[in-house]
Amino acid sequence: KRSSPSQTEFYQAAEEVLESLRPLIEKDSRYLKHKIIERIVEPERQIMFRINWVDDNGEIQVNKGFRIEFNSALGPYKGGIRFHPSVNAGVIKFLGFEQIFKNALTGLQIGGGKGGSDFDPKGKSDNEIMRFCQAFMSELYRHIGPNTDVPAGDIGVGAREIGYMFGMYKKLTNRYEGVLTGKSLLWGGSLGRTQATGYGAVYFAKYMLEARGESLENKRCVVSGSGNVAIYTIEKLYHLNAIPVTCSDSKGMIYDEEGIDLELLKQIKEVKRERLTQYKKYRPNAVYTPIEEYEEGTNAVYNIPCFAAFPSATQNELNLQDAKNLLANGCICVSEGANMPSTPQAVDLFIESKIAYGPGKAANAGGVATSQLEMAQNASMTNWSFEEVETKLEEIMKNIYETTSQTATEFGEPTNLVLGANIAGFRRVADAMIEQGLV
Ligand code: NDP
């Protein structure tokens, strides 16, 4: 039921999930009887607020703030905060909706939520970032808490922004507690959280491929994006002896035939916070293609021949033509680090062609799973080693792969992990909702 306009991404995400659920609903009448579909598409709570702050020129700036607390059947709301000019209520709603099923798939006790602002961090000074984060938290603090709602990072929000938001939360509440994840290692963060989403997406590909008697070893891979997820996808690909040859940002893409220079990429993106154009300065053999030169209607990343693709930038960055290009060039595996990066038509083609396709809500769940490990460490006042966290992460990704694949098999489409992920995630949340009554 399309009752309100401007929720394009939410309708896209909801339609995909609801389509997948048909065989489950036909098999088990409890979900209709308890009106779970009608209930699960309505957020439990949506918060929209004004953020006032002052820029370095002394001018007042006004932004929109959002937090959606979508479903708490399995635990406190959990999901990232995104700072990007494209953020609106519909985008946050789609991300929050996906988060419900993703969090359920991890097998952990976390509900679904998401938040953000249309604030654009690009070109802002460190002081402006701090003032904005403080202004954002001056409203958000009253809605969150370690047992209520525990936000994390997402596009435009990393350890620096989490630090400023945590500082403000602590000042306003006088409480030092695990209310945010993705914190600095100096004061409550978990080893391995920074790496978790990217590493997890590669583990997911590894398990999809293993089931087909294949591996990533010595295989050329394309990666989109050059942020947190992309960087640690590239790192884990190297650990598994694969060869990641691309990365990108919103202005263009790098193709480095010999393999992306990971240390250089980290320097540019994590330390200097510069644009990808800088990469070519140090690696003259690499090719930089600005988006104006992409073949019309395509993303140039997916025009590079590869064995496996790791979309790690943003929603709807891979369309039907990109999917066709990937398949024509021999790609047999797509593991989504980003949320909903493939358009519905691209997803249909991947499913039809029976390649190893891992949808975001399964393949990128390693980030939120490790956030839950951070919550567990905070609550028990302990710190686990990197190895301990990474071992747990790999185990969780293996379990998610097995759950989605077994569920897909149960419903007669063994290679359709979209079906498997949606049904498995939904079933866990829906059963909890039924047991908890009409609340
Ligand atoms: P970052 O902000 O660290 O990086 C985002 C990257 O994507 C940048 O390279 C950015 O380029 C690019 N990008 C963003 N918007 C666009 C756009 N409209 N067009 C083209 N490129 C774009 O974010 P993350 O790496 O954390 O997030 C990437 C994706 O992964 C998102 O979909 C996020 O929701 C998802 N995700 C992240 C998790 C995490 O733990 N961080 C967990 C699960 C999913 P530029 O710098 O030019 O903007």
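Domain bounds, as used in these legends, come from an automatic or database domain assignment. The model shown throughout is predicted.

**View 1. The ligand between the two domains of the predicted model.** The chain is divided into domain 1, residues 43-188, and domain 2, residues 194-363. Because domain 1 and domain 2 both give residues to the shell around the ligand, the ligand lies between them. The C-alpha centres of the two domains are 27 Å apart.

**View 2. The residue shell around the ligand.** The shell comprises 25 residues, of which Lys-122, Asp-154, Thr-197, Ser-250 and Arg-275 come nearest to the ligand. Classified by residue type, the shell has 14 polar, 7 charged and 4 nonpolar residues. At least two shell residues are supplied by each of helix H7 (193-210), helix H8 (228-239) and strand S8 (246-249).

**View 3. Polar atoms of the protein facing oxygen atoms of the ligand.** In the side chain of Thr-197, an N or O atom is 2.7 Å from an oxygen atom of the ligand. For Ser-226, a backbone N or O atom lies 2.9 Å from a ligand oxygen atom. A polar side-chain atom of Arg-193 is placed 3.0 Å from an oxygen atom of the ligand. On its own the ligand has 890 Å² of accessible area, and the protein covers 83% of that area.

**View 4. The contact between domain 1 and domain 2.** The area buried between domain 1 and domain 2 is about 980 Å², with carbon and sulfur atoms giving 49% of it. Domain 1 contributes 13 residues to the contact and domain 2 contributes 10 residues. On the domain 1 side, Phe-94, Glu-98 and Lys-102 supply 45% of the area that this domain buries against domain 2, more than any other three residues.

Technical notes: Residues numbered from 1 in each chain as written. Predicted model: local features only at pLDDT ≥ 70, side-chain atom pairs only at ≥ 80, totals over all residues. Heavy atoms only, no water. Near = heavy atom within 4 Å. Polar contact = N/O pair within 3.5 Å; in protein donor to acceptor, adjacent residues only side chain to side chain. Areas by Shrake-Rupley, 256 points an atom, 1.4 Å probe, with all protein chains shown as cover. Helix = DSSP H or I, 4+ residues; strand = E, 2+ residues; numbered from the N terminus. Nonpolar A, V, L, I, M, F, W, Y, C, P; charged D, E, K, R; others polar. Contact = heavy atoms within 4.5 Å. Buried area = accessible area lost by both parts, 1.4 Å probe.
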